[in-house]
Amino acid sequence: MYRKYIKRLLDCVFAVILLVVLLLPMVIIGLITWIDTKEPVIFAQKRSGRYRKPFVLYKFRTMPQNTKTDLSTAETVGIISVDQWQHFLRQSSLDELPQLLNIIKGDMSFVGPRPVICRETDLIEEREKYGANAVRPGLTGWAQVNGRDAIDYKEKSRLDGEYVKELSFLFDAKCIIRTVSTVFTDKGI
C-alpha cells in the first residue's frame, strides 16, 4: 500500500508545502545566482528515471553555462565554478531545491536511487540487477547517505537495491534524517 499509493501522495503533499515555504528563499537564491553569473539560473539536464525513462531534472546552476550538459557528477570535478556562491550552493545541496518541481511532476520522489545521466550505463545496468530502476529516483537515497560520491557504481547499485527491498515509510524517514546529517557534515561529497 505504501509503495503504490501513500509514498506518491506524501511526495506530492510535502513537495507542494516545501515549494510554498521555500518559494521566497528560492527566488532569492535565483536572484543572487543571476547577479553573480549573469547566466540562466536553472540548469536542466536529461537523467534516467523510473524504468529507465529519460526526464529533465532541474537544479540551480553551479557550473558555467557553456559546460556540457551530459556530464556525470564525477566528470564535473574541476569544472565546477570556483565562485564562492556556486560552491556554497553545491556543498549545501541548495542547488537541488528546483527538484521539488520534478517531485510534483512525478519524475522523482523524495527518497529513491539518485537519478543519473542517461549515458552512465554501467550504473544503470548494475541497478537493473537489483530492481532499482523500477522505482522513482529520489532527491536523496540510501546510497547517498552511505557514501554519496565516495563509493563506486557497484556499491551504489547494491545500496539502491537494498533500498528497493526495504522500501517503507520508516526506511524513507531514516534516509531523510540521515540526509540532513550527511549534508551538514559534507560526508561523502
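The model is predicted, so please read every value as computed from it. It holds 11 salt bridges, and a few of them are picked out here.

**Salt bridges**

- Glu128 and Arg52 pair through their side chains, with N to O at 3.5 Å. This pair links distant parts of the chain, 76 residues apart: Glu128 lies in helix α4, and Arg52 in the loop between β1 (42–48) and β2 (54–60).
- Arg52, at 34%, counts as partly exposed.
- Glu96 forms a salt bridge with Arg114, and their closest N and O atoms are 2.5 Å apart. Here too distant parts of the chain are linked, 18 residues apart: Glu96 sits in the loop between α2 and α3 (99–105), while Arg114 sits in the loop between β3 (109–111) and α4.
- Both Glu96 and Arg114 are buried. The two also belong to a network of salt bridges that includes Lys59 and Asp95.
- Lys105 and Asp107 meet in a salt bridge as well, at 3.4 Å from N to O. Asp107 counts as buried because its relative accessibility is 18%, below the 20% cut-off.

- Arg8 belongs to helix α1 (residues 2–37).
- Leaving aside residues up to four places away in sequence, Arg8 touches Ile103, Ile104, Lys105, Gly106, Met108 and Arg136.

**Helix α4 against helix α5**

- The axes of α4 (residues 121–130) and α5 (residues 153–166) come within 8 Å and cross at roughly 35 degrees. The crossing is right-handed.
- On the α4 side, the contact residues are Asp122, Leu123, Glu126, Arg127 and Tyr130. They meet Tyr153, Lys154, Lys156, Ser157, Arg158, Asp160, Gly161 and Val164 of α5.
- By type, this contact has 7 charged, 4 nonpolar and 2 polar residues.

**Helix α1 against helix α2**

- The axes of α1 and α2 (residues 84–92) come within 10 Å, crossing at roughly 145 degrees.
- Ile29, Ile32, Thr33, Asp36 and Thr37 of α1 meet Trp85, Gln86 and Leu89 of α2.
- The residues in this contact are 4 nonpolar, 3 polar and 1 charged.

Notes. Residues are numbered from 1 along each chain as its sequence is written. This is a predicted model: local features need pLDDT of at least 70, side-chain atom pairs count only at pLDDT 80 or more; totals for chains, interfaces and linings use all residues. Side-chain values use heavy atoms; hydrogens and water are left out. Axes are lines fitted to C-alpha atoms, for helices over the stretch in contact, and angles run from 0 to 180 degrees between N-to-C directions. Helices (H or I, at least four residues) and strands (E, at least two) are DSSP runs, numbered from the N terminus. A crossing is left-handed if the near helix is turned anticlockwise from the far one by less than a right angle, and right-handed if clockwise. Contact means heavy atoms within 4.5 Å. Ala, Val, Leu, Ile, Met, Phe, Trp, Tyr, Cys and Pro count as nonpolar, Asp, Glu, Lys and Arg as charged, and the others, Gly among them, as polar. A salt bridge is a side-chain nitrogen of Lys or Arg within 4 Å of a carboxyl oxygen of Asp or Glu. Buried means under 20% relative accessible area, exposed over 50%, partly exposed in between (1.4 Å probe, protein chains only).
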